[in-house]
Amino acid sequence: MQTNDKVVYFSGSLVFFDLETTGLGQNCDIVQLAAVSGGHTLSLYVFPRSQIQRGAAKVTGFRVRKHRLYQNRQPVLTNSLREVLVSFIVFLQMLGRPLLLGHNICRFDCPVLSRALDEVDLRCEFLSSVSGFVDTLPLAREMLKERGLHCFKQEKLVEELLGVRYKAHDALEDVQALQALYNALEPSPELLRRNVGNNVQTKKATALTGHLPTQHPAWLPLKQQVPEGGDVSDGMM
């Protein structure tokens, strides 16, 4: 899904990101990581160590055959998990400690990403490369509460607000669609500021933190893992 390059700024750039994984559990492996900020895009693939669950394969189109990763029957080039995460960090650093946004990231993407960062010892580098996190799922619920919507899955919101359907569950398509959806919603700076960090209050969503305008108790355990003086920073898969 192609979008325009408009991005609303919040003390710097906004980066929209998404993961595709081998399943829905938080112990699943990352298969694809994609991010977009205006016209800047990143999309990389990881060869999974665990088996791709049947339900995930049906939704995402990812399958492993003869030690190669395929998406919708087309082979894709893969990198190691560390290489992919380092590339993501470089992408974020290029944009000057942006605000990181995703749909339903508190319940799914952030815990999965946190575990992966710990595995390759890149948590501190990552957290120092971002300004904070916003989950667009509760943001959309707050902004659209008067419309009587019953489903807030990203693809449904894109269809409702933008009048288009797109190839959901491809991470690059998802982040491009989310950027377009965000631009259509046009949240005020005040509303966006209120949602930075306010979405990370459940046990499942305390995995990643940001250097926030207002500190929240959920950040404190992770801040203790960062050296003194350092920064802390309905649709799944």
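**A tour of the predicted chain**

Begin by selecting residues 209–237, where pLDDT stays under 50; for this stretch the model, which is predicted, has 79 contacts beyond four places in sequence. Where pLDDT is low, the predicted coordinates should not be read in detail.

Next, colour the whole chain by pLDDT. The average is 82, and 78% of the residues score at least 70. Then select residues 2–10, another stretch with pLDDT below 50. Beyond near neighbours in sequence, residues 2–10 have 24 contacts in the model. The caution on reading coordinates in detail applies wherever pLDDT is low.

Now switch to a cartoon view of the entire chain. The secondary structure consists of nine helices and eight strands. Of the 237 residues, 51% are buried. With a surface displayed, the chain exposes about 11,500 Å², and carbon and sulfur atoms account for 49% of that area.

From the cartoon, select the strands β4, β5 and β6. They form an open sheet in the order β4-β5-β6, and their pairing is antiparallel. Which strands stand at the edges of this sheet? They are β4 (62–65) and β6 (74–75); each has a single partner strand, so one side of each is left without a neighbour in the sheet.

Move on to β5, residues 68–71. Two bridges join β5 to β6, and the two strands run antiparallel. To finish, display the side chain of Gln71 and look across to β6: the residue opposite Gln71 is Gln74.

Notes:
Residues are numbered from 1 along each chain as its sequence is written. This is a predicted model: local features need pLDDT of at least 70, side-chain atom pairs count only at pLDDT 80 or more; totals for chains, interfaces and linings use all residues. Side-chain values use heavy atoms; hydrogens and water are left out. Helices (H or I, at least four residues) and strands (E, at least two) are DSSP runs, numbered from the N terminus. Buried means under 20% relative accessible area, exposed over 50%, partly exposed in between (1.4 Å probe, protein chains only). Accessible areas come from the Shrake-Rupley method with a 1.4 Å probe; for residues, only the protein chains shown count as cover. Two strands pair if DSSP finds at least two bridges between them. pLDDT is the predictor's confidence in each residue, from 0 to 100. Contact means heavy atoms within 4.5 Å.
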